[in-house]
Amino acid sequence: MAALNGRYDTLDRTAEGDNMRKLFESTLISLDGAVDNPGSWAMRYFNEESRQEATEQLRRSDAMLMGRNTYLALAAQWANADGEFADAINRITKYVFSSTLERPVWSNTELITTDLPETVAKLKADGDGDLTLYGHGQLSRTLLEHSLLDEIMLSVHPVTANSSASGFTVPERARLTLRESHARKSGVVVTTYAVSYT
């Protein structure tokens, strides 16, 4: 594993080279910037086109990372579902970062309770496929603070959620560079950004 400083800000990429796998965040966001509780405003846009894109993303990944709330929401919706996307998300290895979740019951799930930055750095240094993170919450913000998130895909939905919760934010030291953008027939606009750190 690469040497890390106290904040896990700088990875010794001379040792890892380009062999470190990337960590991608995929987040649903409303026109008014809400990212919380997407099941109440985004699911009507989860059509065959978005389902196929999400399935392909999971197939490119070795594992998923998630916090407690995302785990509970996704497990409730997909753990007993059928279909191509359900099969992909049920089969993939899932790492849940939580100090309050007692015992995960979703298949292929491992609970991580301590040393979040160090654990994620180790995960990035091991294995071949990339890592996927759904949603933008405390887990994402911690990863950004420690320079561990490599790419962010925002799916902007043509709806206002009228949420009072905090929306999508990145620390000042993180820089987003647009890599790709496309619109789905549903009106959802998908923008992908590479993340760099100062």
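I take a residue as buried under 20% relative accessible area, as exposed over 50% and as partly exposed in between, with a 1.4 Å probe and protein chains only. By this rule I counted Glu151, at 11% relative accessibility, as buried.

**Ground rules.** I worked on a predicted model, in which local features need pLDDT of at least 70, side-chain atom pairs count only at pLDDT 80 or more, and totals for chains, interfaces and linings use all residues. Residues are numbered from 1 along each chain as its sequence is written, and side-chain values use heavy atoms, with hydrogens and water left out.

**Entry 1: the sheet.** I took helices (H or I, at least four residues) and strands (E, at least two) as DSSP runs numbered from the N terminus; two strands pair if DSSP finds at least two bridges between them. I found an open sheet of eight strands with mixed pairing, in the order 4-3-2-5-1-6-8-7. At its edges I noted strand 4 (109-112) and strand 7 (174-183), each of which pairs on one side only. Strand 7 runs antiparallel to strand 8 (residues 189-197), and nine bridges join them.

Entry 2: Counting heavy atoms within 4.5 Å as contact, and leaving aside neighbours within four places in sequence, I found Leu23 in contact with residues including Leu65, Val120, Lys124, Asp150 and Glu151.

**Entry 3: salt bridges.** I required a side-chain nitrogen of Lys or Arg within 4 Å of a carboxyl oxygen of Asp or Glu, and the structure holds seven such salt bridges.

- I found Lys124 and Asp150 joined by a salt bridge at 2.8 Å, N to O. Lys124 lies in helix 5 and Asp150 in the loop between helix 6 and strand 6, 26 residues apart. Lys124 is buried at 1% relative accessible area, and Asp150 counts as buried at 15%.
- I then looked up Glu151, whose side chain meets that of Arg179 in a salt bridge (2.4 Å, N to O). Glu151 is in strand 6 and Arg179 in strand 7, 28 residues apart. Arg179 is exposed, with a relative accessible area of 52%.
- I recorded a salt bridge between Arg59 and Glu84, with the closest N and O atoms 2.9 Å apart. Arg59 lies in helix 2 (residues 48-59) and Glu84 in helix 4, so the pair ties together parts 25 residues apart in sequence.
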